[in-house]
Amino acid sequence: MLNSQWLKTFVKLTETGHFTQTANQLGMTQPGVSQHLKKLEQQIDAPLITKIGKGFELTREGELLLGFALKAERQEADLRAAIQQDDPNTGEVRIACSGSMALYLYPKLLKQQSLHPGLLLKVEVAPNHRSLQLLQNNEVDLCIVTQQTVQSSLVQHHIGDEPLCLVVPADFEGSPSVFADLEALGFIDHPDGQHYAERLLTPNFPEISTVSADLRTTGYINQLSQILVPVAQGLGYTVLPETAVRSFEAQANIKIVELKEPVSDSLYLTAKKHRTLAARYDWFSKKIAELCGQMSSS
């Protein structure tokens, strides 16, 4: 690393063209200026100036070093300006959340980027543990998870609750409150299907002993946006978070069943406790909380 103080002296010397003037402007002695120049020459192992009478000219190495020093000064000035100017409408916004939350939030959050092209929204779809890991590794700055964490380095705010929904075809003729009728229709499974069904169906249908044994599966799909397609076509029922259900295009072909024992997941907006977020995150944090709050009250 080249000494920044020596570089500053060298740049001033090239501006004044005179050792005494350089010393006066920097509050140094003339021997001090000469010493800084000598140390720089030792660092790069090459002469920087050629003395001509009472003046001097830069050597080839001196010209190269001057270009480097001026570029470094500009970069430092740009850095200081960027630090001081925290533009709320410029920069990356990095968020991690579940697939169902991404379906619900992403199109709504993108409207802010449409209004302010200087923003760049990046959403990573990941389960709880992966979202928290991304946050800890500084790969994202905010995440939305459905579990409280015991990690003291993180801070969480409860922003709403995400209901789980039993979804049947719109023209389902059986009784959704009778498990035998659901069984006759069949369960459309997905990566979280068994887990969601366990949480929502067992409190509402006492006849279910174990989901894995009692559910008759009539389909499986691991693409979140496609899970409700077979339901809409009358091929089965499924259980999904409401965010995923409300994001499905063919709403007229599906129906959410009201159950006696509703089940919801708490939603927590999570960030690093000692990491100050840029101003651009203010709008996104508030909007996410607003949208999740609306979902909970709907």
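Start with helix 1, residues 4-16, and bring up helix 4, residues 60-84, alongside. In this predicted model, helix 1 passes helix 4 in a left-handed crossing. The packing angle is about 110°, with the axes 10 Å apart. Angles of 65 to 115 degrees count as roughly perpendicular, so that is what to call this pair.

Now show side chains where the two meet. From helix 1, pick L7, F10, V11 and T14; from helix 4, pick G62, L65, L66, F68, A69, L70 and E73. Colour the contact by class and you'll get 8 nonpolar, 2 polar and 1 charged residues.

The crossing of helix 1 with helix 2 is right-handed. Select K8, T9, K12, L13 and T16 on one side, then F19, Q21, T22, Q25 and L26 on the other, to see the contact.

Last stop: the largest pocket, with about 520 Å³ of space. Which residues lie nearest its centre? Centre your view on S98, G99, P127, D192 and Y196, part of a lining of 24 residues. Then highlight helix 5 (99-115), helix 8 (193-204), strand 9 (238-241) and strand 11 (264-272), each of which gives two or more residues to that lining. By class, the pocket lining has 12 nonpolar, 8 polar and 4 charged residues.

Technical notes. Residues are numbered from 1 along each chain as its sequence is written. This is a predicted model: local features need pLDDT of at least 70, side-chain atom pairs count only at pLDDT 80 or more; totals for chains, interfaces and linings use all residues. Side-chain values use heavy atoms; hydrogens and water are left out. Axes are lines fitted to C-alpha atoms, for helices over the stretch in contact, and angles run from 0 to 180 degrees between N-to-C directions. Helices (H or I, at least four residues) and strands (E, at least two) are DSSP runs, numbered from the N terminus. A crossing is left-handed if the near helix is turned anticlockwise from the far one by less than a right angle, and right-handed if clockwise. Contact means heavy atoms within 4.5 Å. On a 1 Å grid over the protein atoms alone, a cavity is a set of points where a 1.4 Å probe fits but cannot get out, and a pocket is an open set with protein on both sides within 12 Å along at least five of seven lines; lining residues have an atom within 4 Å of a point. Grid points are joined across faces, edges and corners, and a volume is the space filled by probe spheres set on the points. Ala, Val, Leu, Ile, Met, Phe, Trp, Tyr, Cys and Pro count as nonpolar, Asp, Glu, Lys and Arg as charged, and the others, Gly among them, as polar. Angles under 35 degrees count as roughly parallel, over 145 as roughly antiparallel, 65 to 115 as roughly perpendicular and the rest as oblique.
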